[in-house]
Amino acid sequence: MTEPADIIDLNQLDHAKFQSWGYSQDFCVTCGLCSSSCPASGIDGFDPRKLIRMLSLGLEDAVIASRWPWICTMCGKCENVCPMEIDIADAVRQVRSLRERDKVPGIVHKGLEAALETGNNLRLPKDDFIFILEDVGEEIAEEPGYEDFNVPIDKKGANILTTIHNKLVNTHTEDLKHWWRIFHVAKEDWTVPSVNWEGTNWGYFTGDDEAMKIMSSRIVEQMEQLEVKTLLWPE
Ligand code: SF4
Ligand code: SF4
């Protein structure tokens, strides 16, 4: 009798023979575990299992034209449960990369354009950014035990450089305080760059590899200029 292990050995397969795409979608067994674990399942009918099956059936064009790839948050939960180890989030990202750039949904398309042009998707000028950081720092310094707190902007030779999520200097400034307090108590030597501080890589999210490289390179440049060796990139 044939043992299950004799039926299929994924390591021995010629993957190229099975894949029109590079994400093993043809191995999908339609178990639906991805769909049941996905926080976005059901939004506008979105279903990762169906998306993978459509890719497998050669319906790439329909997937590329649909809203589904933009509903997925690329969180990767589905990949953790997929018994066939299909790279679902990466497949979604590749689908996004194949959308014509002027047809990328407006908010992310505009966010990327702004980030490429100005270094951050809010188009926040450097002086305003510094003002916000210092203002939050002054609020922390009013708390007992933090009287000597200040925000070390562009500190050369610091141990850690942190990026900032745009919402933290927009609508969620309170959230900056949590980790800054930890830095202070831990006596960490840290810094924030005054330019190119955007941690959210909009090139990554829009499937634009070139833009992703530009945004990543800017962070590396900041580290080189400030001679910082460790990056804290929380996004
Ligand atoms: S990566 Fe996308 S499809 Fe997978 S669980 Fe997250 S939102 Fe759902
Ligand atoms: S979890 Fe994996 S094998 Fe199961 S339906 Fe989803 S993609 Fe297919």
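## Around ligand 1

Ligand 1 is surrounded by 15 residues, and the closest are C38, P48, C72, C75 and C78. Two elements give two or more residues to this shell: α7 (77–81) and α8. The most comes from α8, with three residues.

What kinds of residue make up the shell around ligand 1? Eleven are nonpolar, three are polar and one is charged. Bear in mind that this is a predicted model.

## Around ligand 2

Ligand 2 has 14 residues around it. The closest are C28, C31, C34, R49 and C82. Here the elements that give two or more residues are α3 (33–37) and α4.

This shell divides into eleven nonpolar residues, two polar and one charged.

## The overall fold

Now step back to the whole chain. The protein chain has 13 helices and three strands. Its radius of gyration is 22 Å, well over the 18 Å that the globule rule gives for 235 residues, so the chain is more spread out than a compact globule. Along the principal axes, the C-alpha atoms fill a box of roughly 75 × 45 × 35 Å.

How much of the chain is buried? Of the 235 residues, 27% count as buried. Contacts tell another part of the story. Take those with a separation of 6 or more: 72% of them join residues 24 or more positions apart.

## Two domains

The protein chain is divided into domain 1 (4–99) and domain 2 (124–232). Their centres, taken over C-alpha atoms, are separated by 35 Å. How many residues does each domain bring to the contact? Domain 1 gives four residues, and domain 2 gives four residues.

Look at the side of domain 1 that touches domain 2. Its residues divide into two polar and two charged, with no nonpolar ones.

## The nonpolar cores

The largest nonpolar core has 15 residues. Which of them have the most contacts inside the core? They are I52, I88 and A91. The elements that give two or more residues to this core are α4 (48–56) and α8 (88–97). The largest share comes from α8, with four residues.

## A closer look at I88

Leave out residues up to four places away in sequence. I88 then touches C34, P48, I52, C78, E79 and C82.

Several of these names have come up before. C34 and C82 are among the closest to ligand 2. I52 is one of the core residues with the most contacts inside the largest nonpolar core, and I88 is another.

## A loop residue: N150

Next, a residue in a loop. N150 lies between α10 (126–141) and β1 (160–162), in the loop that joins them. Why does N150 count as partly exposed? N150 has 13 other C-beta atoms within 10 Å.

What does N150 touch, leaving aside its neighbours within four places in sequence? N150 is in contact with G137 and A141. D135 can be compared by distance. D135 and N150 are 15 residues apart along the chain, and their C-alpha atoms are separated by 9.7 Å.

Conventions. Residues numbered from 1 in each chain as written. Chains lettered and ligands numbered in written order. Predicted model: local features only at pLDDT ≥ 70, side-chain atom pairs only at ≥ 80, totals over all residues. Rg over C-alpha atoms; globule rule 2.2 N^0.38 Å. Buried ≥ 20, exposed ≤ 12 C-beta atoms within 10 Å, placed from the backbone. Contact = placed C-beta atoms within 7 Å. Core = buried A, V, L, I, M, F, W, Y, C linked by C-beta atoms within 7 Å. Near = placed C-beta within 6 Å. Nonpolar A, V, L, I, M, F, W, Y, C, P; charged D, E, K, R; others polar. Domains from an automatic or database assignment.
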